[in-house]
Amino acid sequence: MKDIKQVESIIEAVPERFAEIIKKYLDFMKIEELRFRVNQPVQLIHSDGEVILEQYAAFTYAESKEMLKRMCKSSVYAMESQLKCGYISLQSGIRVGICGKPIMDSNKIIALDTVQSFNIRIPCEAKGCAEPFVDRFFYNGGIANSIIAAPPGVGKTTFLRDLARCFSDGINMQKGYRIGIADERNELSACIEAVPSLDIGSRSDVFTMVPKAQSIPLLIRNMSPEVLITDEIITEDDCKALENAVCHGIAVIATIHGSCYFDVINNKAIRTLVDRKIIRNVFILRRKGNCMDLDIVKGEEYD
Amino acid sequence: MIRLIVGVLLILITIMIGHILNNDTKSECELISDLNKDMRTLMGLVKYERKNMSEILEYLSRLGKAHQIWERMKEEFKHSNDMYTSWQNTIEKIRINEKPYLKELDSFFSDIGCGNIEKEVEKMDYFIERIELIEKEIVPRYQNKMKLIRVLSALGGIALALIAM
């Protein structure tokens, strides 16, 4: 991990007693996730496995409170909209997943009372990982609307980021495309003060930290993208926003959680998009060692 | 004639000393009022604009009534990322002798920014009410103290002048 800002933001956020050791690991290993759970030792996840910091006392509840405060820069109330969705975006573009006890009102989370676990996910850039697969997204001379599915941790976001870069810069294709990126959780672009810190290509416009259903119409109206890229579509509103983009003649590429085609179509809203041929290709992303593989499970050439 | 001049000078000097002594009290009193006004602004920025603490400190350091304090606190906050530590480091460098007032502000800053917006506003309302009460108590007391110093310094001057004559 080379990005100094990212290392600094992690070190600032974690409890002081872990800071030095975590910094060492971040310097020498390709750490993908840092997991802090109350009353459990800290875990560092890398591509080949995990390191458990058993030599240190377990992460405590008091430390979890302190860590939340640090991550929110002593302004937990200002991060409420993110906390309600179970994450915090650090300024360096790092996303921290959080879990705990929410305060509910009429079946809706209105705030997060206590946090039990943190998952600091470090965005990694794997330039070139999508290049061999770019041609699979074309059909009849145009870009086919596609969904990429994979279970958590395979590298959907990393792959999608590189795909955005390829389309934007015109790598392995005749020309570059104007890309609109709806980056709700700031994972794709890892923007620091609205400037992407990761390479998403020279023709990409990104809307960060706004729900997809709100940012997609804005991107369509204001930036006239040729391709719309977004990560982790889950809700019906997300699907409606994608449908809206397709109706405007914009190609869409999105990711979704799932390990096979049935996982994908089990989501009713996605199934509707696939059945109505709004989404033409469904790919499954797999990781083989350090490489990625993209299988088509539903699409024009597959049918 | 010389004695008369010395007498007048003594009176003037003691009045001047009284004035200097009053200056400290007056500036402390003004500082407390300014801080209270800024605390109200701080609450507004949290409640209505959901600004985070670094944005609030930036705002107050430019436009706050007690902007020197906020400026210092902003610098401290950059290093510590913690309001209480920043406050503690700032207060070391400014002169407020009013202990109950400082105690309230200590509690306020030790607790700020940890909860959701409802909790924060509730806490802030409580603390602001408390510090305003303290201000209401302090101001007349300080005014009386200043009056007393003025009178005593003048009387002291007269007494010294009489002795000298």
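Which residues of chain B form one aromatic cluster?

Modeller: Happy to! Please keep in mind throughout that this is a predicted model. The aromatic cluster you ask about is formed by B:Trp70, B:Trp87, B:Phe108, B:Phe109, B:Tyr126 and B:Phe127. Over all chains, the structure holds 16 aromatic pairs.

Two of the cluster members, B:Tyr126 and B:Phe127, have numbers that fall in helix H6 of chain B, which runs over residues 117-164. Because angles over 145 degrees count as roughly antiparallel, H1(B) is roughly antiparallel to H6(B). The contact of H1(B) with H6(B) has 26 nonpolar residues, along with 10 polar and 10 charged ones. There is also a ring with a charge over it in this chain: the charged end of B:Lys145 sits over the ring of B:Tyr142, 5.8 Å from the ring centre.

Now let's step back to the whole of chain B. Its secondary structure comes to six helices and zero strands. For its 165 residues, a compact globule would have a radius of gyration near 15 Å, but chain B has 21 Å. The C-alpha trace of chain B spans about 75 × 30 × 20 Å along the principal axes.

How far does the predictor trust this chain? Chain B averages a pLDDT of 86, and 100% of its residues score at least 70. Among the elements of chain B, H1 (residues 2-49) has the lowest mean pLDDT, 84, while H2 (residues 53-63) has the highest, 92. For the complex, the predictor gives an ipTM of 0.73 and a pTM of 0.73.

With 303 residues, a compact globule would have a radius of gyration near 19 Å, and the 20 Å of chain A agrees with that. Its C-alpha atoms fill a box of roughly 60 × 45 × 35 Å. Chain A averages a pLDDT of 88, with 97% of the residues scoring at least 70. Confidence in chain A is lowest in strand E11 (residues 191-192), at a mean of 79, and highest in strand E14 (residues 227-230), at 96. Chain A also has a charge placed over a ring, with A:Arg95 over the face of A:Tyr87 at 5.8 Å from the ring centre.

Key: Residues are numbered from 1 along each chain as its sequence is written. Chains are lettered from A and ligands numbered from 1 in the order in which they are written. This is a predicted model: local features need pLDDT of at least 70, side-chain atom pairs count only at pLDDT 80 or more; totals for chains, interfaces and linings use all residues. Side-chain values use heavy atoms; hydrogens and water are left out. pLDDT is the predictor's confidence in each residue, from 0 to 100. Helices (H or I, at least four residues) and strands (E, at least two) are DSSP runs, numbered from the N terminus. Axes are lines fitted to C-alpha atoms, for helices over the stretch in contact, and angles run from 0 to 180 degrees between N-to-C directions. Angles under 35 degrees count as roughly parallel, over 145 as roughly antiparallel, 65 to 115 as roughly perpendicular and the rest as oblique. Ala, Val, Leu, Ile, Met, Phe, Trp, Tyr, Cys and Pro count as nonpolar, Asp, Glu, Lys and Arg as charged, and the others, Gly among them, as polar. Rings of Phe, Tyr and Trp (its six-membered ring) pair if their centres lie within 6.5 Å; planes under 30 degrees apart count as stacked, over 60 as edge-to-face and the rest as tilted. A charge sits over a ring if NZ of Lys or CZ of Arg is within 6 Å of the ring centre and within 35 degrees of the ring normal. The radius of gyration is taken over C-alpha atoms; the globule rule is 2.2 Å times the number of residues to the power 0.38.
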